[in-house]
Amino acid sequence: MKLKKYISFFRLRCVTGLQYRAAALAGISTQFAWGFLIIFAYHAFYRSDPTAFPMTLQATVNYTWIQQAFLAMFASWVLDGDILEEITSGSISYSLCRPVDLYAMWYTKSLSGRISKVALRAVPILVVAALLPAGYNLTAPTDLPTFFLFLLTMVRT
């Protein structure tokens, strides 16, 4: 089966990514710091003129916490160090000799690394953000169709 080797690449990279719990804790604290910084700035802007913004303050706060929780998944500036090392060291020639599609292998490894980072960071950020005081907290979607549209945009992106 062709898919079996890519599942193996995915599992290996995911297990490796889940081992870095200290990095995840540092990432969580960084995401909280940036999240609060952004929310405090928006609170100040909304106090001056709330009608100047296209979203409500609570929607902006929700967007900020979701952005911080899933940053590791959609950060386009984060590159896979193993792939770059493989290219610069010349060991890419060994990968080209393997009976796998190079792009599919790299994509699988990169996706797995991102998912493992999100798995360690997103849940704690979302839980703690939901428990914060009103005005600074993450609120639930208003209805079920809105939640499904949110999930669709997360997968589609």
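Visitor: Why is Phe-40 called partly exposed?

Guide: Its relative accessible area is 47%, and partly exposed covers what falls between buried (under 20%) and exposed (over 50%), with a 1.4 Å probe and protein chains only as cover. So 47% lands in that middle band. Bear in mind that this is a predicted model, where local features need pLDDT of at least 70, side-chain atom pairs count only at pLDDT 80 or more, and totals for chains, interfaces and linings use all residues. Numbering runs from 1 along each chain as its sequence is written, and side-chain values use heavy atoms, leaving out hydrogens and water.

Visitor: What makes Trp-65 buried?

Guide: Trp-65 has a relative accessible area of 0%, so it falls under the cut-off for buried.

Visitor: How do you know that Phe-36 and Trp-65 form an aromatic pair, and why is it edge-to-face?

Guide: Rings of Phe, Tyr and Trp (its six-membered ring) pair if their centres lie within 6.5 Å; planes under 30 degrees apart are stacked, over 60 edge-to-face, the rest tilted. Here the centres are 5.3 Å apart and the planes make 85°, so both tests are passed. Phe-36 sits in helix α2 (residues 21–48) and Trp-65 in helix α3 (residues 57–69); helices are DSSP runs of H or I, at least four residues, numbered from the N terminus.

Visitor: What makes Phe-40 and Tyr-136 edge-to-face?

Guide: Their planes are 75° apart, with 5.7 Å centre to centre, so that pair qualifies as well. Phe-40 is in helix α2 and Tyr-136 in the loop between α7 and α8, so the pair ties together parts 96 residues apart in sequence.

Key:
Helices (H or I, at least four residues) and strands (E, at least two) are DSSP runs, numbered from the N terminus.
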